[in-house]
Amino acid sequence: VAPTVDDSNGPIRYVDIIVHRAALGVSSPPPSAVPSNVAPYMEGTVWYVAARYSYTQYEAAVAGSQFTIGNGSVVSAGGVVYTNAPLWPGHAFSVYVRAIGVDDNGKEMSSIGSPLREN
């Protein structure tokens with residue numbers, strides 16, 4: 001997956017790579033279905049944040065390149081550990097990119113793009 005983000009709504013602070021696990025043959029949920037409280041991976045979760053990057057880290061390490069879902073990599077951001085957990089055989093996976101920024105009043109705002117890929 002080569003994820004991209006749009007900063008047209010203002011400066012981006014963090015970028016999340018979000019994964020959704022479903023049964024084979026199930027369509028990707030729309031971006032509006034991504035829970036606002038999606039958390040780092042825990043065994044058995046259906047939605048999880050596989051990685052979080054500061055925008056600077058994201059631009060240096062991910063933007064314009066390939067991000068491999070399920071490779072077991074671990075990143076840390078803001079004292080939280082994010083695990084890009086191995087994919088489960090016999091399941092379909094959808095990948096979303098969430099850009100998180102702060103508006104002029106200091107309120108956190110986010111936007112989520114369409115699913116990038118299904119396995």
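Arg98 is buried at 6% relative accessibility, where buried means under 20% relative accessible area, exposed over 50% and partly exposed in between (1.4 Å probe, protein chains only). Before going on, a word on the source: this is a predicted model, in which local features need pLDDT of at least 70 and side-chain atom pairs count only at pLDDT 80 or more, while totals for chains, interfaces and linings use all residues. Residues are numbered from 1 along each chain as its sequence is written, and side-chain values use heavy atoms, with hydrogens and water left out.

Back to Arg98, which sits in strand E5. Helices (H or I, at least four residues) and strands (E, at least two) are DSSP runs numbered from the N terminus. The Arg98 side chain makes a polar contact with the side chain of Asp16 at 2.7 Å. For a polar contact, a pair of N or O atoms must be within 3.5 Å; within protein, one must be able to donate a hydrogen and the other to accept it, and residues adjacent in sequence count only if both atoms are side-chain atoms. If you skip neighbours within four places in sequence, Arg98 is in contact (heavy atoms within 4.5 Å) with a list of residues including Tyr14, Asp16, Arg52 and Ser110.

E5 itself is mostly covered, with 10 of its 12 residues buried. On one pairing, E5 runs antiparallel to E1 over 11 bridges; two strands pair if DSSP finds at least two bridges between them. Val95 in E5 is the bridge partner of Val19. E5 is also joined by five bridges to the antiparallel strand E6 (residues 108–112), and here Ile100 has Ser110 as its bridge partner. E5 and E6 make a hairpin with five residues between them, and Gly106 in the turn has a positive phi of about 85°.

Now the core. The largest nonpolar core has 25 residues, and Ile17, Ile18 and Tyr53 have the most contacts inside it. Such a core is a set of buried Ala, Val, Leu, Ile, Met, Phe, Trp, Tyr and Cys residues joined through side-chain atoms within 4.5 Å. Strands E1 (12–23), E2 (47–54), E3 (74–77) and E5 (91–102) each supply at least two of its residues, with E2 giving the most, at six.

On to the rings: a search of the whole structure turns up three aromatic pairs. Rings of Phe, Tyr and Trp (its six-membered ring) pair if their centres lie within 6.5 Å; planes under 30 degrees apart count as stacked, over 60 as edge-to-face and the rest as tilted. Two of the pairs are tabulated here.

| Pair | Centre to centre | Angle between planes | Class |
|---|---|---|---|
| Tyr41 and Tyr48 | 4.9 Å | 75° | edge-to-face |
| Tyr55 and Tyr58 | 6.4 Å | 20° | stacked |

Tyr41 is partly exposed at 23% relative accessibility, whereas Tyr48 is buried at 2%. Tyr55 and Tyr58 both lie in helix H1 (residues 55–61), three residues apart, about one turn of the helix. Tyr55 is partly exposed at 22%, and Tyr58 is buried at 0%.

Two arginines also meet rings. The charged end of Arg21 sits over the ring of Trp88, 3.9 Å from its centre, and Arg52 lies over the face of Tyr14, at 4.9 Å from the ring centre. The cut-offs for this are NZ of Lys or CZ of Arg within 6 Å of the ring centre and within 35 degrees of the ring normal.
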